[in-house]
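Good morning, and thank you for joining this group meeting. I would ask you to look at the sequence and the structure together as I speak.

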Amino acid sequence: MLTYFLRRLLMAIPVMFFVAVFVFLLLRLTPGDPAQAIAGDQASLDQLEAIRDSLGLNDPLSVQFLTWIGNMAQGDFGRSLISDRPVLEMIGQRLGPTVALALVAMAMTLMIALPMGVLAAWRHGGMTDRLVMAVSVIGFSVPIFVIGYVLIGVFAVNLRWFPVQGYKALADGIGPFAHRIFLPGLALASIYIALISRMTRASMLEVLREDYVRTARAKGLPEGIVLFRHALRNAAIPILTVIGTGFAMMISGVVVTETVFNIPGLGRLVVDAVLARDYPLIQAIILLTAGTYVLINLLIDLSYALTDPRIRYQ
Amino acid sequence: MTFHSLKTLGLAAMLAGTVALPAWAETTLTAVMQAPLRSLDPHLSTAQIVRTHGFMVFETLLGMDEDYQPQPQMADYVVSDDMLTYTLTLRDGLMWHDGTPVTAEDCVASLMRWSQRDGSAQTMMEYVDSIEATSDSELVIHMKSPFGPVLELLAKPSPIPAFMMPKRLADTPVGEQIPEIIGSGPFKFVADEYRPGDQAVYVKNEDYVPREEPASWTAGAKVVNVDRVVWQAMPDMQTSINAIQSGDVDLIEQVTIDLLPLLAMNEEVETGILNPLGAQVTGRFNHRLPPFDDPQIRKAVMYALDQETIMQTAIGNSEYYQLCPSIYGCEVPLASDVGAEYLEGSAEDRMAKAQELLAASDYDGTPVLMMQPTDLTVLTTQPIVAAERMREAGFAVEVASMDWSTLQSRKNGWQPVDEGGWNFFFTYWGVAGIWNPLVHSLINGSGDDNTWAGWPVNARMEELRADYLTAGTLDEQKEIAEEIQQIAWDDSFYFNAGEFKSVAAWRTELQDIQSGPITLFWGVDK
Amino acid sequence: MSQTQSAPAALRKRLLETPPHWTTLLALAVLLAIVAMALFAPRLANFAPTELNAMMRLKPADGTYWMGTDSFGRDLYSRVVYGARVSLMVGAGVAIGAIVIGLPLGLLAGWFRGLDAVLMRAMDGLMAIPGILLAIAIVALTKAGLTTVIIAIMLPEIPQVVRLVRSRVLATRSETFVEAAVLLGTRPMRMIWRHLLPSTIAPLIVQGTYIYASAILTEAALSFLGVGIGTETPTWGNIMAEGRLYFAMNPWLVYWPAIVLSLCILSINLLGDALRDRLDPKMKGRS
Amino acid sequence: MTVSQSGQPVLSVRDLRVATMGRRPAEILKGLTFDIAPGETLCLVGESGSGKSVTSLVTMDLLPRGELQVTAGRAELNGEDIITAPPARNKALRGAEMAMIFQEPMTALNPVLTIGLQMDEIYRAHTRMRGPDRKAAAIAAFESVNLPDPPRIYDSYPHQLSGGQRQRVMIAMALALKPKLLIADEPTTALDVTTQKQILELIRKLQDEMNTAVLFITHDMGVVVDIADRVCVMRHGEVVETGTTEEVLSAPREQYTRDLLAAVPALTPRPARAQEAPEHVLELVEVNKVFEFRSALSKLMRRPGHRVQAVSDVSFRLDRGRTLGIVGESGSGKSTVARCVLRLEDPTSGAILVNGHDIAPLEGQTALAPARRAVQMIFQDPNRSLNPRLTTGDSLVEGALNAGEPRAEALARAGELLEVVGLPRDALSRYPHQFSGGQRQRIAIARALMMSPDVIVADEAVSALDVSVQAQVLDLLAEVQARRNLAVLFITHDLRVAAQICDDVMVMRRGEVVEFGPAGQVLANPQHAYTCALLEAAPGRDWDFAKGRRVTEPA
């Protein structure tokens, strides 16, 4: 298991290198000038040139790339061009809200989507099934910011059950945290709920036709045990896979959700960074999310072994 | 113990907590600023938010009062009769935030750094012989020849005010940002709580000694009545409005005017204009590229575009915009009506004139590339409205949408359109950035590569701009300024699309909010 | 190419086996209506989509302005009608582009095992970059035009297509009939063309509909974040993005395009589901 | 075995009708009637589509919801009608009063739960036994089905057990609560013959101990001989004939039953064909195949991987016009030998001579082209060996086109060959799904013949077919073999089939050749203990289907 883990980590190196080169080139070929973002629109060309010089933006691309990669190899992700702060520190400040948002959304998803999917598969073809499918298709079809606005309009502005915006860290108390993260979490979860309930349903439908489910029924077991113990565990792997690949989708959701609910997270940081051409910051965030994506999918692969004893990694 | 009694106990504890808190709670003013604060060096950036940040932490030697007059702030001044020697004496009790005293040497270093960054300061330095510290508290500026606006420049709030900082910071090379935010101003910057692009926190500088004179803009006493000021960035105006209504924030620096009705019914929120200067929207031609290298064609555009439509579409409520021909702003001392003929008559008449002019010109139907920023709300509408009018006049117009950052860098190049050049775009200027020919970037007629995008060439304009610097009296200045305005219109340097005011909103708990050329956080009480 | 005619014929047969469910028909009708709306936009619209009237800003719906006006005083209804064009084009461009690029890559990766490792690592890398970040960066790369937006949205979709095609190829190549073809002396290119490609068509059509739908959504999200197609060209995304500022005053500026957009995507998704049920034998009769 | 016909039957099915749901309902069971007495074994026999499995599902109240429904009739368990009983009641009956064993032991147990838990559930659901008691009962049940080391089995997952062990677990579960009725749906079909024999004996033994009534579903007449007290022959959802085993097998009343019995191949080998000047078309010399599982990293670090010797030192010669049968149980390496001959696998060492040329070292389709033409294959599953997206014609001409033959010419030849294999010429334009399994196998034979091969390798080519179809396909194969003087390499697990068609037989076990010689010698007079055991285990070996009576003297 450990060697498998290490081997997979090793395999991630070329992937991450590809990401690094790709992102670096993409950004440097982009028009736009970080110096302008620092100096503002009334700056003269001379002033801009001086800033570019001091930032090393006038060096040849190869030099810039090697410097960046070299520093990164030593754990130095560089400083933001715009704010002149260490990139890692800036990311650190914004990580908390994003992780909290993602985890809350994921928890909501699992709590809502799994029972939905199981129920739909169980009552396959019935009203419940149709309803679940309708909800999930709608979840796919409505943009996340519209969902966000509707949630705010109904639950925050009209009913005043939740605050309209903002974020409180868990350290400020579970109450305020939960109060503020609920709506954004739900908005972000919406598309995920759609995705996972569908996948759960499809996977369950497949599993429910398996011989061992028939065996379980032939044994006269209660339906709950048949569904959740016998079927769901076998249906888990495709669901886990979707959770992993859906992570990228969640990131785009995070960007929009953070904007709508004014949550100071990574999503907003990266949009700002792209618009300001803050190269080291963008590169670091993209590498970080890519790395997280690779890691999450690796963990999910490993978790297959937990749900299915037949899978052994060497 | 039963569950019920546990609950009661908890409730009691909670009540006790809420009662106990206000006794020693500090007052925090939370403000949503017009833009997020991303960089901190006030010498490096011309962005308004950085300027506002600068006035929190730093001070200028002179302040500017509401009559546009330089007044002593960190220093009192004496000007020699021959206008060649300016002696500035630092007032007592000035301390940097790191605890060291403010010295004249610090100020000389700061002035040197500032003068490398600021455009008009660079012009001034051509007249300056030396700047030296003659003692710990006295510095002297010797001029080679008389230069009118020295005091004005030291006091000006825009685009780069002459902020003072410790020498060790002021010695930071020109292109680099200062490593620490240490000033002598009424607020201290809390570096630990700074989240670039999201939040900036300032605490009251307990050691700050305000001046005696009453506060007026950046001059006079800066008395701080709140313990903390928190700037919060909100990318979405709707969110900001919801937040001020729920009391999450106390102040919104700039409310989208269309949304004011949402706040009108709320008695806890007041709205008003804090910055009386406002901002001017300008449409800039690229004088180096066809078709706008032809003054006749530029003039057709001047007639075609309509201040009213542009302002109405962008701002909506006529209470908050003004139409006037003045290129210096509608309400400043140099404001004038010269050149108004381009704005006179009905929009239809002017359109007819534009069509006529264009038909008579050599315009060959080449599409005009109009840059439009997608992510800067105040400037997204003008290109659309302008494009409609220009098309009506007979132009082919292509609106190229891009983010503001791309637009800013693209505007600096003058290569042909198909290689990434441009013909026309809109931007806006705080009136403090255009209120006289010295600071005004758009009227530079030298055509130098280094000048602000557009590169018009006009020799007479250059003569007038030089004359203005040495003009002695206000009348003389006014006369020159008017001629400049006439040329700017006649030669169609750029289109002045009118002036708008930013409307701020604040909760009624806030009292004594100061007005100023930037948003000021002293004087206000919560 | 008579030998490949069989594949479409079989496809047609599976599509038309049983009469479709009423929801499928409804979805098809909605989608056709939206396509018609795009095609006949000039006839259906009451105004030019760019025609502005500064005096008529933010008006509520009435007889002239069926859905009211936006902040430029433009007719929202006409813009929504014209918006169908761009949205449908973005969806089609992205879906077709992703398939045209991803299909050959997937076929090659699935059959030539040596190529597989390299290609799939690159695809993993591309997949690891969050699509929206990539899109934001690419839209900023050149001007925010239709082509840029299509490419920006398409790029992150390619790995999905490659993976899908590759997995189908891997599944098919373990089929006995592929071994039989090997025994009959069939060479790699012919094998891919005749035996592997046809098995990917059905899942690709289904995947294509989902890409189509998600591309429209992504375009809207990009516009929302301020990096989409400029406002001169109305898209449902940028109509909503502009309208969101006025959401509290007149939520219909957002709701109208949102409703049409959602209906459009809903029907594409429903059609995709219906196609999947018919084309994917494994999922047969599961909807 | 004496059977008590007195008293109430355990299961009584009366005029049972089942139909599909949907727009066009089709009747699957058309008025089925039968009884099973306590302690009795009733065999439902029939070919695919006869409705025998649906019958078992009705009885267990496990019909797939929304697809099949009972339209009429009754199925009474101890006098209680299952069809009208509330679901909760049936749930209580299932597992306790009636139990079921399924065909596939590989899939019938939940792969992600331990055997112990799956056993435990039965006690939990139907008894009030406490934890330790349940575990003790489970272990005792495992012991009673002769599972080795029951505590270990209890903690194991299904994939850690062999197929036979899993089926024993299934039996233990089914009989855990001593049900009155046991339904066994093809419980041994997926097992090797030696294991099948043990399982059948086990069912018989436990049935005797508990006096359970068994409804045994099978398609294999041999199994019927071994286990049934009474037989019920089914066809298209109807009962053709019912009676005691002796009655039905020795004196069938219906033609269908007679045909069914006649199709069962005899276990006695047919006489070898006379051979004139032998001409070797295929020769294997000490062929070895080792599968090695090694990750890229291990390869890089030159570490040895996991090795499996699938074939060791196999040598044989095959002459034109002859049939060589390779028989063996699963894992014996017989299919790997075939795949090496076809170069679908690369042999690790050894020589494969096709018409005298060694093809073992050749690489690539071009180099292999002559061998591809000379050696063709018929696969086991005709559903999978034909590309469902190509017409018969396209499938048939593929090899010819690859060899450069003009399409029109190839199509003409394909049409002729279709007639040779007994299909109409217009089948050319039809798709595989429009044919039955037997017809598809005919097409597969035609496809092989298109290449005008010298050798045909048939890998379990008739195993997936019903007996009657199986006989027809074997006849066809013999016919084309005779007509074209082909050499046939026939891979099978079925000794009856081998006996019917082979001239020579090679018995394999764990990759090694155990015994090799003329069929008459190997099958009639085996020398090796393993061959003896295989023959011993062949179901129904003491019944002569051709003569309709018990074999008095074992072969």
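Let me begin with a term. A residue is called buried if 20 or more other C-beta atoms lie within 10 Å of its own, exposed if 12 or fewer do, and partly exposed in between. Please keep in mind throughout that this is a predicted model.

With that term in hand, consider Glu186 of chain D. Glu186(D) has 19 other C-beta atoms within 10 Å, and therefore counts as partly exposed. This residue sits in the loop between strand 7 (181-185) and helix 8 (193-210) of chain D. Its phi is positive, about 45°, although Glu186(D) is not a glycine. Most residues other than glycine have a negative phi.

His236(D) has 15 C-beta neighbours inside 10 Å, so it is partly exposed.

I remain with chain D and turn to a sheet. Four strands form an open sheet in the order 12-11-14-15, with antiparallel pairing. Strand 12 (306-319) and strand 15 (357-358) of chain D each have a single partner strand, so these two stand at the edges, and one side of each is left without a neighbour in the sheet. Helix 13 (residues 334-341) of chain D packs on this sheet, where it touches strand 11, strand 12 and strand 14 (349-354). The direction of helix 13 makes about 70° with that of strand 12 of chain D. Strand 11 (residues 280-293) and strand 12 of chain D run antiparallel and are joined by ten bridges. Across this pairing, Leu282(D) stands opposite Leu318(D) of strand 12.

Chain B is my next subject. Its domain assignment gives domain 1 (42-185) and domain 2 (279-500). How many residues of domain 1 of chain B are in contact with domain 2 of chain B? There are 13, and they meet twelve residues of domain 2. Helix 4 (residues 119-125) of chain B supplies the largest share of this side of domain 1, three residues. By class, that side has six nonpolar, six polar and one charged residues. The centres of the two domains, taken over C-alpha atoms, are 32 Å apart.

Finally, two peptide bonds of chain B. The bond from Ser158(B) to Pro159(B) is cis, with omega near -10°. Pro159(B) is placed in the loop between helix 5 (150-155) and helix 6 (167-170) of chain B. Pro290(B) and Pro291(B) are also joined by a cis peptide bond, with omega about 5°.

Notes:
Residues numbered from 1 in each chain as written. Chains lettered and ligands numbered in written order. Predicted model: local features only at pLDDT ≥ 70, side-chain atom pairs only at ≥ 80, totals over all residues. Pairing = 2+ DSSP bridges. Contact = placed C-beta atoms within 7 Å. Axes fitted to C-alpha atoms, helices over the stretch in contact; angles between N-to-C directions. Domains from an automatic or database assignment. Nonpolar A, V, L, I, M, F, W, Y, C, P; charged D, E, K, R; others polar.
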